[in-house]
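Please read the numbered points with the model open beside you.

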Amino acid sequence: MSGNALRDLNTLPTPERKNDSSSKGNFTKPCNGKTIENVEEQLKKSLSSVQINGGETLNLQHNKSSASVQINGGETVNVGVEVANSEVEYIESENLSDLEDVDTCLKKLLPGLDSKDWILVVETLNNVRRLSVFHKERMHSMLGDLIPLVVKSLKNPRSAVCKTAIMTSADIFSAYNDDLIDSLDPLLVQLLLKASQDKRFVCEAAERALEAMTTSVSPMLLLPKLQPYLKNRNPRIRAKASMCFSRSVPRLGVEGIKEYGIDKLIQVAASQLSDQLPESREAARTLLLELQTVYEKSHGLSTVVSENPEMGSWENFCLSKLSPLSAQAVLRVTTNSTREGLVIGS
C-alpha cells in the first residue's frame, strides 16, 4: 500500500485519548475532551487472501496500526504498513488562539483553502477563524476572494472539511456582520442545505451557524434574503428558513416592523402556518404572536388602520390583510396561544 493511498483513508479514532485541548489546530488531540472526527470509512479487520508467486496463499490482516501477512496460519510477518491514526479537532470559537505570524498566514490563506490536501484545507479554515476573531481588519479586503473558497469547502463531501467550513462561516458572520451581505447568498444556500441533512453533527453545526447569521446580520437586510427560501420545494429547507425568519423579525423592533411592513410579515407567517413540517408551523406561530403583540402596542403600524380607526382590532386587521381561511387560522393561533415571553421590546 503506497503512502498516497494511505492519505486517502479516513483516520480512525483511538479508544483512549488524553483530555487535552489544543488551540493550534493539530490533528492528534481532541478539543476539550470531545471526540470529534466522524469516521466515514474504516479499514476492514477481516482477513483477505493473497497469492505470492502464483502459489502459496497468504492471509493479509489489517488493523488500526499495522498490516501483517500470516503464512498459512503460521508465522506472522510484519510488512511495516502504518495507517495514520489521527483525528481532526473542532475548536470552539472561544478556545481559538491568536496567530504567531499574521502576515505569513494571510499570504497562505487563499492557496491553502484551494488546496487538494484536505488536512491543509482544515488547518487554513481554522486560521480564517482565528483571523476573524483576532485580526478581522487585516482579512477584510480578502473577503471577496475568500467566501467562494469557504463555500467550496462547505460543499466538500468529507465531513471534517464541511463541518470546519460551517464553523468558519459562523465566525465570519460574527466578525463582519452586514459587510457580508453581498456575499451572503452562496453561504446561505449551503448552510440551509447542511442544516437540512441527516448527518447530525453537521446539521447541528449548520444550525448554530444560521443562528450566528440571524444575530449578526441586520434583519432589514437579511429578511429579503431569507424570504425566497420560504417557498423552496424542499420542506426541510423551508423549515430552516422559517426558523431564521422568525428569529430575525424581533430584532427589527417596533419601528423596524413599521418600516418593513407588518402586513407583509403577517402574510409570510400565515403562509407558513399550514406548511408540511412542524418546525415551519411553530416558527409561524411564534412570529404571529410577536406581530400581534407589536400591533396591539401600536395601531399606527398600518396605514390602513390609521385611516380607518374602526379597523383597529387585531381581528379586523387580519381579516383585511388575509383570505378568510388564512385569517381564521391566524386568529385561532393568536387567540388560543399564550404570549408569555414573546413580547418585543419597544
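1. Helix α9 (residues 219–226) and helix α11 (residues 253–260) have axes that come within 11 Å and cross at roughly 45°, which makes α9 oblique to α11. Helices here are DSSP runs of H or I with at least four residues, numbered from the N terminus; axes are lines fitted to C-alpha atoms over the stretch in contact, and angles run from 0 to 180 degrees between N-to-C directions. Angles under 35 degrees count as roughly parallel, over 145 as roughly antiparallel, 65 to 115 as roughly perpendicular, and the rest as oblique.

2. Met 220, Leu 223 and Pro 224 of α9 make the contact with Gly 256, Glu 259 and Tyr 260 of α11, where contact means heavy atoms within 4.5 Å. These residues divide into four nonpolar, one polar and one charged, with Ala, Val, Leu, Ile, Met, Phe, Trp, Tyr, Cys and Pro counted as nonpolar, Asp, Glu, Lys and Arg as charged, and the others, Gly among them, as polar.

3. Please keep in mind that this is a predicted model, in which local features need pLDDT of at least 70 and side-chain atom pairs count only at pLDDT 80 or more, whereas totals for chains, interfaces and linings use all residues. Residues are numbered from 1 along each chain as its sequence is written, and side-chain values use heavy atoms, with hydrogens and water left out.

4. How do α3 and α6 run relative to each other? The axes of helix α3 (residues 118–134) and helix α6 (residues 159–176) come within 9 Å and cross at roughly 15°, and the two helices are therefore roughly parallel. α3 passes α6 in a left-handed crossing, and the contact includes Trp 118, Val 121 and Leu 125 of α3 as well as Ala 160, Thr 164 and Ile 172 of α6. The residues of this contact divide into twelve nonpolar, four polar and two charged.

5. Helix α15 (residues 314–321) packs against helix α16 (residues 324–336) at an angle of about 150°, with the axes 9 Å apart, and α15 and α16 are therefore roughly antiparallel to each other. Their crossing is right-handed; Trp 314, Glu 315, Cys 318 and Leu 319 in α15 meet Ala 327, Val 330, Leu 331 and Thr 334 in α16, a set that divides into six nonpolar, one polar and one charged.

6. The count comes to one cavity of 30 Å³ or more, and about 50 Å³ of space lies in the largest cavity. A cavity is a set of points, on a 1 Å grid over the protein atoms alone, where a 1.4 Å probe fits but cannot get out, and lining residues have an atom within 4 Å of a point; grid points are joined across faces, edges and corners, and a volume is the space filled by probe spheres set on the points. α13 gives the most to the lining of the largest cavity, with four residues, and by class this lining has seven nonpolar, four polar and no charged residues.

Note on methods. On a 1 Å grid over the protein atoms alone, a cavity is a set of points where a 1.4 Å probe fits but cannot get out, and a pocket is an open set with protein on both sides within 12 Å along at least five of seven lines; lining residues have an atom within 4 Å of a point. A crossing is left-handed if the near helix is turned anticlockwise from the far one by less than a right angle, and right-handed if clockwise.
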